[in-house]
Amino acid sequence: MMNFYENLCFRCDQTVYQVDRVGPLKDFTFFHQGCFKCSACGTKLTLKTYYNNQDSNDDKEVYCVSHVPKIGPGHLDGSAVGIRSALNVPKSFNYVNEQIRGGGKGTFDAEALAIKPHLNNGRHGGENGLFAEHQYGRFDASALHIAHALRATELQRSYRRPIEKPLDSYLDKDTQVRLEMKHRKEEDDLYRKFARQREEEEFKFKEEFREEWEKELEKLTSRFERELANKRKKPDEQKVLTLRLQREREDLEKNLTVRRDKKKESLTRKLLEHERAATAALVEKQSKEMMNLINEKRSEFMRAESLYIDDDYQTEELFPYPSNAPAPQPPGVAKTDIYHDPLVFADIDQIAISVAQEDQKTFTDLVRMLIGRCGSDVEKARTIFRWITVKNLNTMQFDDTVRTDTPMGLLRGIKHGTESYHVLFKRICSYAGLHCVVIKGYSKSAGYQPGVRFEDNRFRNSWNAVYVAGAWRFVQCNWGARHLVNAKEVPKPGSKSKSDSLRYEYDDHYFLTDPKEFIYEFFPLQAEWQLLKTTITLKEFEDLPFVRSLFFRYGLYFPDDNTKAVMVTDSTGAVTIRIGMPSNMQASLIFHYNLKFYDKDTDTFENISLKRFVMQSVVGNVVAFRVHAPCSGSFLLDIFANAVTPREYLTGEPMKFKSVCKFKIVCEDLQTVMVPLPDCASGEWGPMKATRLFGLVPITHQDALIFAGRELECQFRMSRPLTDFMATLHKNGSEEKRLAKYATHYVTDDLVTFKISFPEEGQYGMDIYTREVNSMGNSSGNNAEHSNEKHLLTHCCKYLINSSKRNQI
């Protein structure tokens, strides 16, 4: 019998696993999704666009419509074999399987081929009743048991909502509640066991401490009595001994107290770790039982429903969710193929927010409120993710006397610290019928800096993988949770604050994160849960640049393969870090940076800001940070970004930058004395900023660095009206006021020209400021005089200029 779970790809001759399989096709051939291409031109194919060679039974290759070998003279068509009447059999319904019935010659009807009972994936022929183009050698998915491959192809096109029956249709609430009550009793027993263990350990600990105190005090007292006996005739010495005994007793009590507290803290931590492990094991067991119940009821429902399916009535196939958890494999499609914009979940997210504002007494109630209107496994996972991120469990207030049958009783594991976001997410997923695992490993979390090695348990972390959209996908609820906007504190239960004025923020990056992005921050202890086609080592994980979620949200990337977490300078103390931007973000992204010493919170060197040893510039779609270390040692470069519109920038309002990545800069040996850049305005060098934000196009100088003689003319063309230009010069060791007279400008039509005469040779920085004409509004008279704050000039761009007679033309 053919094994459909272990076959070789016809194209690359490598094993084809179920998650990445297309087939069986002609003569039971299989392909990887990536190998499923036209043999002639290499065009990527799907099960709706591929063709087989009908002229040769030995040709198992697949072709596109342009290169498939055509049937030539001498071949039989419908008329030659006398089955035209079969082709004209009237249809009982308007549902037509376009994979079987075509519109041209040589097409065979399902009834003529006697395979109609196997056709379960019908499609409308269109509003005009036109059939799909004839496709050679095509059969229905159900007839050849290749529904999985069709499903993978469907996912590649887009995310579809209605693919599964709702939970209420096959599992009644009472049945699920009964199992939940059984689980709750098991939890009660476990928590009572925890309480007994804590009481026993507390009693044991107190007894040990009391015995140690009495033993040490007895030693101290005995020594005092011996010394006192030798000095009974000397009252002054007796008094000194008594005072010394009192001090030593106080010191002993302090030392024992410190030791007791440390020992108690260690014991509490070990007990909590034990309790967390026991809770996770129980949730694992209970989740399996809940999943088994759901799978059993779903299977019964599907078997019963199949008895009433009319073979002549074709409906959109509902791809069944797997009963058993599949093995970890890299997902076949990216997150953007499932959904591109979080707004597609606007309705689902609102359900989660509404449910989070209410209280539920059982997980069954909670889950049914959450997923009642969900039409797919993706939407189920989404609403659970959003409920947890909205609930903000870290700040919830718990009553010490909370009962297990109350709303807060649901989350008692959070209260006791025995249950984490990840365990809770897994638990709720099981109630929704979703396979979910908790993955343990390392993460580049709070306190981590690039270059740190994962040698202990400081950066241990846990996260989830949930099986949705035909593959395992990562979810990090804890990192996805954010605060409430427009509220200083989380509303307490029962408060009458208006929730309508609140906006719940979250980080969408941590929902169904692509493995190639997730690996930058999380490293699982089990390599298969990297979900990468080629796994990496812990050392390689440490060497990956330290990036944050905003890095991927903006679509940033590293164009240089040698970009690492730790960058080593050359002999001159220089190193360059380059970051690529997507074309759709080039006009809106603004970058910033900060440089400080790695091992201390100092950002100056000899009273000069370390920022002046970094040159930021933009060329095309790449922003570069050229760092010149002022001395040997290690530095921390933090790069920030923000996406703003030109209008937001021109208002002059302060912008909030968020970190996108960090690097450790190591200068092992500095052979060149580095001087700081001129003290210009912060930010990037060069005219790109002026073009992006002001529409000011450079005519004479397109680069950030200018080599000039003793005079320079720099000219721009205005693509929109600007006014009140100003240029300022800066030079190390020179006052800005003294240099002011050497920079002038004039405007001719749409051209603006800056003329600079340098008082002496050297390196200069030139800042250019301006503002839009319409920024002054329509104010006139006294009103205009009182609106100066709105008319402040905005920094436009800056150049680094090396002036020398050798550059004179």
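A residue is taken as buried when its relative accessible area is under 20%, and in this predicted model that cut-off bears on strand E19, which spans residues 589-597. Of the 9 residues in strand E19, 7 are buried, and the strand is accordingly described as mostly covered. Strand E19 pairs with strand E24, formed by residues 633-643, in the antiparallel sense and over 9 bridges. Within this pairing, Asn-594 stands opposite Asp-638 of strand E24. In a regular strand, the side chains alternate between the two faces of the sheet.

A further set of 4 strands forms an open sheet of mixed pairing, in which the order of the strands is E27-E33-E32-E29. The edges of this sheet are strand E27, covering residues 705-708, and strand E29, covering residues 722-730, each of which pairs on one side only. From one strand to the next, the twist averages 30 degrees. Strand E32, residues 762-772, and strand E33, residues 794-803, are paired in the antiparallel sense over 9 bridges. In that pairing, Gly-762 has Ser-803 of strand E33 as its bridge partner.

The cysteines were also considered. Cys-374 has a relative accessibility of 6%, and because the cut-off for a buried residue is under 20%, Cys-374 counts as buried. The same cut-off applies to Cys-680, which has a relative accessible area of 13% and is therefore buried. With a disulfide requiring two cysteine sulfur atoms within 2.5 Å, the count for the model comes to 0 disulfides.

Key:
Residues numbered from 1 in each chain as written. Predicted model: local features only at pLDDT ≥ 70, side-chain atom pairs only at ≥ 80, totals over all residues. Heavy atoms only, no water. Buried < 20%, exposed > 50% of the residue type's maximum accessible area, 1.4 Å probe, protein only. Pairing = 2+ DSSP bridges. Helix = DSSP H or I, 4+ residues; strand = E, 2+ residues; numbered from the N terminus. Axes fitted to C-alpha atoms, helices over the stretch in contact; angles between N-to-C directions.
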